[in-house]
Structure formats: structure tokens, C-alpha cells
Amino acid sequence: MTFEVLILGCGAATPTSRHNPSSQLVNIHDKLFLVDCGEGTQMELRRNKVKFQKIQHIFISHLHGDHYLGLLGLISSMHLLGRKSTLHLYGPAELKELVELNLRVSQTYLDYPLVYHITDEKRQIKLFEDKSLEVHSFPLKHRIPCTGFLFMEKQKQHKIHKDIIVEYRLSPSQIIQLKKGENVETNRGILTVEQACILAEKPKSYAYCSDTMYWERLVDFISGIDLIYHESTFLNSEKERAKQTYHSTAEQAAKMAALLGAKKLILGHYSSRYTDLQPFIEQAKPFFENVILADEGMVVAL
Ligand SMILES: [Zn+2]
Ligand SMILES: [Zn+2]
């Protein structure tokens, strides 16, 4: 089943000729979730042949311009392209004010409904759920209220071997128990899930963390994830600046990925002062081996 992240923008506040401000498209089971929407997002979606109208959910981490200034344009383009279906926007409470002000002063009357969902920088919130996945927001430590987003598949049921049902004369309730992953007691002793079933794949998870300073409390929200995107605005030479501006260095991002027990780390949100990004990898690797540099157009599959 598809679970992949397409990088649309991985630069910090100022766009450069190489990098757009923050944006990503998360595709889970062919549902598209846009995460942050900096300037340039529409063009990057076009370059990657993503149909705008397939996006039903847009998540905005915080209201620094490099994370949402592309949103007003995208909302407007969706209208011009004839959208009718609801668009869900997730973000800080003031996001609604920003969008509604823009629509009012430009006298734009959308042909489709916008539904706002408010995030909270102090606690984890389940924002979206369907039968196969959940999306949560969780707190980050930044200069203004900011949240990350956690995308999680749900555990699928195990498939029971048909001959086992006959052999052990399993009751409907025993079958349900086994499918959920619980061993059952039979007249022939304990029957384990491993004996009775073809085990379902483990659910996969992805956490998006931009922008934030190094903050160990993240373990309360997103430990044991498969993939993490953690901002690395600076290199070690700017460690003090990272602290002052509530951002992280590549080394801190790597230490966080290790602390969280993640399997893979994507670095991004590079300050425009850096043209050579190789030192980001060099400073991260000693602390977390499986690390890659985000780049526009890159797809990371889980
Ligand atoms: Zn930023
Ligand atoms: Zn920011």
C-alpha cells in the first residue's frame, strides 16, 4: 500500500534558486495530504503532476510566512479550476482569519466549502481518522505556536488460515480474537496468532517536525516512528543562532531522531546562507546513520 512523502519545498524562510519554502505532499493509500504550503507550492505540484483537486486536506504547522504564504494562491486556483468538493484546513486558530480576510478583500466567493480544524501547540490532537489511518498534530518548540503532524497507519487484521479454523473447531469469537492479534485457548491447548495466521504488515508512521528547536519532550508524542522529517536550519557553527531563533542544527536533528527511535531521518528547512549541503550529512551521521537530505521533487517511500 502506498505511503510516501514528496518534498515540494525544503528551504527556510527565504526562497533561493535551489529551494522553495516548506511544503510536502504525503500520499497514504492514494489519499493526498498537503503539509505546509509555502510560496512555490503550486508550481512544484504542477512540476510533479499532482492534481490540485485530489488534495482534500491541508495541514499548516504555524503562521510564519514560509509555511503558509502559498495557501491563498492554491485555494484560489482550486476555485478557478472548478472545485466543488470540501477542502479541510488544519492549523492555528488565526489561519481562518488570514484566509477569510483575503477572500473578503478580494471579493472571492468560493464554489466549494472550506472547513477549518484548529490545532493546539500545547497538546496532541487527533485531526483526521478513517478506517486505515490517523493524522495527529503535536506540539513543537518554536518562537510562535507551532505543531508537527504525525501520520499513522492503523494495524490491519491478521489473516487466519482456513484449515486451522476447521482443525481447531474455532468459534466466531475465537476467530475475531486471533485476527486482532490475541492468542486463544482451545481444547488442544493454546493456539498462538503466529500459528494460526498470516501476520498483517506492521503499521507505518511518519512525523513532520518543522519548525522547532531541539526539544526532548517530543518523545512523549512521536516515539518509535518509521520516518521523521526534522528541520535542520543551521550547521554547528550557528548553534547559538539556532537556539535564539528556536531552530535546530543538523546534529540536533540527528540526536532527536536517535532519541525517538526513528528508522530514517530526512533533513530540511536549510538556511539560505548554505550552498553546499554536504556538511549537514557529515554533522548528522555520527549521531544517526540513516539520514538523507530533502530536495524538491524527491519521493521518500516507507
Ligand atoms: Zn520556517
Ligand atoms: Zn517558523
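Here is a short chat about ring contacts in a predicted model.

Author: This is a predicted model, where local features need pLDDT of at least 70 and side-chain atom pairs count only at pLDDT 80 or more. Residues are numbered from 1 along each chain as its sequence is written, and side-chain values use heavy atoms, with hydrogens and water left out.

Reader: How many aromatic pairs does a search of the whole structure find?

Author: Eleven. Rings of Phe, Tyr and Trp (its six-membered ring) pair if their centres lie within 6.5 Å.

Reader: Why is the pair of F59 and Y90 called stacked?

Author: Planes under 30 degrees apart count as stacked, over 60 as edge-to-face and the rest as tilted. F59 and Y90 sit 4.3 Å centre to centre with 10° between the planes, so they're stacked. The pair links distant parts of the chain, with F59 in strand β4 and Y90 in strand β5, 31 residues apart. Strands here are DSSP runs (E, at least two residues), numbered from the N terminus.

Reader: What makes F59 count as buried?

Author: Buried means under 20% relative accessible area, exposed over 50%, partly exposed in between (1.4 Å probe, protein chains only). F59 comes in at 0%, so it's buried. Y90 has 1%, so Y90 is buried too.

Reader: And what makes Y274 and F280 edge-to-face?

Author: Their planes are 85° apart, at 5.1 Å centre to centre, so that's edge-to-face by the cut-off above.

Reader: How do you know that R46 lies over the face of F52?

Author: The rule wants NZ of Lys or CZ of Arg within 6 Å of the ring centre and within 35 degrees of the ring normal. R46 is 4.4 Å from the ring centre of F52.

Key: Chains are lettered from A and ligands numbered from 1 in the order in which they are written. Helices (H or I, at least four residues) and strands (E, at least two) are DSSP runs, numbered from the N terminus.
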